[in-house]
Amino acid sequence: MRLFIDTANVNEIREAASWGVLDGVTTNPSLVAREGRSYRALIEEICRLVPGPVSAEVLATDAEGMEREGRELAAIAENVVIKLPITPEGVKTCARFADEGIATNLTLCFSTAQALLVAKAGASYVSPFVGRLDDVGQDGMELVREIVQVYGNYEFPTQVLVASVRHPQHVVQAALAGADVATVPFKILQQLFHHPLTDIGLERFLADYRAATAGH
Ligand code: G3P
């Protein structure tokens, strides 16, 4: 399973890239707005930092506007993936881009039916939002399992990108479900490293070594 970082903050991206485990980046308008920078300049910088796929979302809601914005974003760098909402206009734009070989990430996926539609339209990625489903009392991971099964049944090449990840267990469950990608906020990427027994074990190794070599 590939690991993407879900942020538009270049310091977080730089740090996560330095760990050698980062495969790509996803952004959304809320994350970009937090940075207070020009959208284009920000995406340009992120694409220079990470060679893998970088999802950048359109702001238009009509197909014509989505297509125009999507083409502008796609021209920024080869690794830009155009993020489109799952609406009739977004799916229509996805199909058009698929014909031209422009990569897309269909976002705000909350049902298997939506995932089926975007696969038929040739989406490169579908983004089920697991945390937001959990928030309303549904099982977000069940949606991921269903999408993985449906895509497997028909050998759809669309990749399942688990988004709205809220804790390390979401990442583990995504991997167990056979998702292609999990996109993870910086804080949760950091949490993935930690286990108290690792810290205790390391402390003990070093203390034993220091005790044995003291005075040598
Ligand atoms: O990038 C989209 C998604 O990951 C947002 O997550 O935590 O705002 O539901 P969240």
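Predicted model: local features only at pLDDT ≥ 70, side-chain atom pairs only at ≥ 80, totals over all residues.
Six is the number to start with: the structure holds 6 aromatic pairs. Take phenylalanine 4 and tyrosine 125, whose ring centres sit 6.2 Å apart with the planes at 65°, so this pair comes out as edge-to-face. Phenylalanine 4 belongs to strand β1 (residues 2-6) and tyrosine 125 to strand β6 (residues 125-128), so the pair ties together parts that are 121 residues apart in sequence. Both phenylalanine 4 and tyrosine 125 are buried.

Phenylalanine 110 and phenylalanine 129 also make an edge-to-face pair, at 5.6 Å centre to centre and 65° between the planes. Here the partners come from loops: phenylalanine 110 from the one between β5 (104-109) and α6 (112-120), and phenylalanine 129 from the one between β6 and α7 (130-135). The two are 19 residues apart, and the pair links distant parts of the chain. Elsewhere, ring pairs join Trp19, Phe186 and Phe193 into a cluster.

Back in strand β5, there is threonine 104. Its relative accessibility is 0%, so threonine 104 counts as buried. With neighbours within four places in sequence left aside, threonine 104 is in contact with Val81, Ile82, Leu84, Cys94, Phe97, Gly122, Ala123, Ser124 and Tyr125. Tyrosine 125, one of these contacts, is the ring partner of phenylalanine 4.

How values were computed
Residues numbered from 1 in each chain as written. Heavy atoms only, no water. Phe/Tyr/Trp six-rings, centres within 6.5 Å; stacked < 30°, edge-to-face > 60°. Helix = DSSP H or I, 4+ residues; strand = E, 2+ residues; numbered from the N terminus. Buried < 20%, exposed > 50% of the residue type's maximum accessible area, 1.4 Å probe, protein only. Contact = heavy atoms within 4.5 Å.
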